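Here are my notes on the model, written as numbered points. Have the structure open beside you while you read.

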Amino acid sequence: MDQPDANKLSINTATLRAQWKLEQIIDGCARHAIRGISPWRDQVQALGLQETARRLRSHDLTVTGYCRGGMFPGATPQDRQERAADNRRAVDEALELNAACLVLVVGGLPAGSKDLAGARQQVRDGLSALLEYARPLGMPLAIEPLHPMYAADRACVNTLAQANTLCDELGDDGLGIAVDLYHTWWDPQFLPEVARAGRQRILAFHICDWLVPTRDLLMDRGMMGDGVIDIRGCRQAVEAQGYRGFHEVEIFSEHNWWKRDPDEVLLTCKARHLEHG
Ligand code: ZN
């Protein structure tokens, strides 16, 4: 069995957001010798951007991604401009935190709209404009395809193939994909699309498990090993392309992991990463 490199474990801070503030999560990762972290914007705002950067540096933590930008489609031009400005600020913050990439959840249908093709066009346009800003600054943008159940309200890029096509169209420079297994494990084109993405495009790798049954579409993600995803097989497929980045645990779990002792959660993440990652 090819175990994962324990040093490649990263914690997406949503995993502990119910129990701990960001400063406690940073300290917790350091205490448990976890080397990677991926913070969310609201948590960074609460702690302060400079203070977050200082604490991350003092523990020598690798910021494997910054969550998140995107949400490109808007009902009006003004709405879209405000979203674009906010995305540029997210790029600036990601730079300040020395993040490996800015993760993009691209957005779904604008309020009242049934025009899915139009929403996807708005995503392409918004992404293209953000790339013009992020490219010269050297902050890579990572498109995260989300499971199709989120097409209406969170992301109308739903497959690795769609993300790959956006990279084809907009150019690979500074653009890539965040492969999150919760969203992509079911895809019959997972392996060929991971191969199509290749080493250059895979900017982040997010892991958790798919529970059967799933009780909540958003807040019932499973710990690695508790569900049906072949996490190890998928990780090996990504690493076979040359990916050498972190394995980021991202678990939203209102009924289970968010209710547990956070040190226990981190210990469990470490053990399950080795066992199933
Ligand atoms: Zn993710």
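**Notes on the model**

1. The buried residues of α9 pack against α7 (181-184), α8 (190-201), β8, β9 (247-249) and α10 (262-276). Helix α9 itself spans residues 231-240, and its buried residues are I231, R232, C234, R235, A237 and V238. Buried here stands for under 20% relative accessible area, exposed for over 50%, and partly exposed for anything in between (1.4 Å probe, protein chains only). Helices are DSSP runs of H or I with at least four residues, strands are runs of E with at least two, and both are numbered from the N terminus. After α9 comes G242, with a positive phi near 105 degrees.

2. Some housekeeping before going on. This is a predicted model, in which local features need pLDDT of at least 70 and side-chain atom pairs count only at pLDDT 80 or more, while totals for chains, interfaces and linings use all residues. Residues are numbered from 1 along each chain as its sequence is written, and side-chain values use heavy atoms, with hydrogens and water left out.

3. Now the metal. Which residues coordinate the zinc ion? They are E144 (OE), D180 (OD), H206 (ND1) and E250 (OE), at 2.1 to 2.3 Å. Donors are N, O and S atoms within 2.8 Å of the metal (3.2 Å for Na, K and Ca); water is not among the atoms, so sites may look incomplete. Along the chain, the zinc donors follow the spacing E-x35-D-x25-H-x43-E. Distant parts of the chain are linked by the pair D180, in strand β7 (residues 175-180), and H206, in strand β8 (residues 202-207), which are 26 residues apart. D180 is buried, at 0% relative accessible area, and H206 is buried too, with a relative accessibility of 0%.

4. On the geometry of that site: the angles among the four donor atoms run from 85 to 141 degrees, and the site is irregular. For reference, four donors count as tetrahedral if all angles lie between 85 and 135 degrees; four count as square planar and six as octahedral if opposite donors are over 155 degrees apart and all others between 65 and 115; anything else is irregular.

5. The largest nonpolar core has 84 residues, of which L102, L127, L141, I143 and L181 touch the most other members. Helix α5 (residues 116-137) supplies the largest share of this core, six residues. A nonpolar core is a set of buried Ala, Val, Leu, Ile, Met, Phe, Trp, Tyr and Cys residues joined through side-chain atoms within 4.5 Å. In soluble globular proteins, nonpolar side chains tend to be buried together.

6. Leaving aside neighbours within four places in sequence, L181 is in contact (heavy atoms within 4.5 Å) with F190, F205, H206, I207, I229, I231 and C234. One of these, H206, is also a zinc donor, and both I231 and C234 are among the buried residues of α9.

7. How do α4 and α5 pack? Helix α4 (residues 77-96) and α5 sit at an angle of about 35 degrees, with axes 10 Å apart. Axes are lines fitted to C-alpha atoms, for helices over the stretch in contact, and angles run from 0 to 180 degrees between N-to-C directions. On the α4 side, R80, N87, R88, V91, D92 and L95 meet Q122, L130, Y133, A134 and L137 of α5.

8. Please look at the backbone in a few places. Most residues other than glycine have a negative phi, and most peptide bonds are trans. A cis peptide bond joins C67 and R68, with omega about -10 degrees; R68 belongs to strand β4 (residues 66-70). Another cis bond joins V212 and P213, with omega about -5 degrees, and P213 lies in the loop between β8 and α9.

9. Two non-glycine residues with positive phi deserve a look as well. A33 has a phi near 60 degrees and is found in the loop between α1 (22-31) and β2 (36-38). N98, also with phi near 60 degrees, lies in the loop between α4 and β5 (102-105). N98 is exposed, with a relative accessible area of 65%.

10. Lastly, T214, in the loop between β8 and α9. T214 is partly exposed at 25% relative accessibility, and leaving aside neighbours within four places in sequence, its contacts are Y182 and D220.
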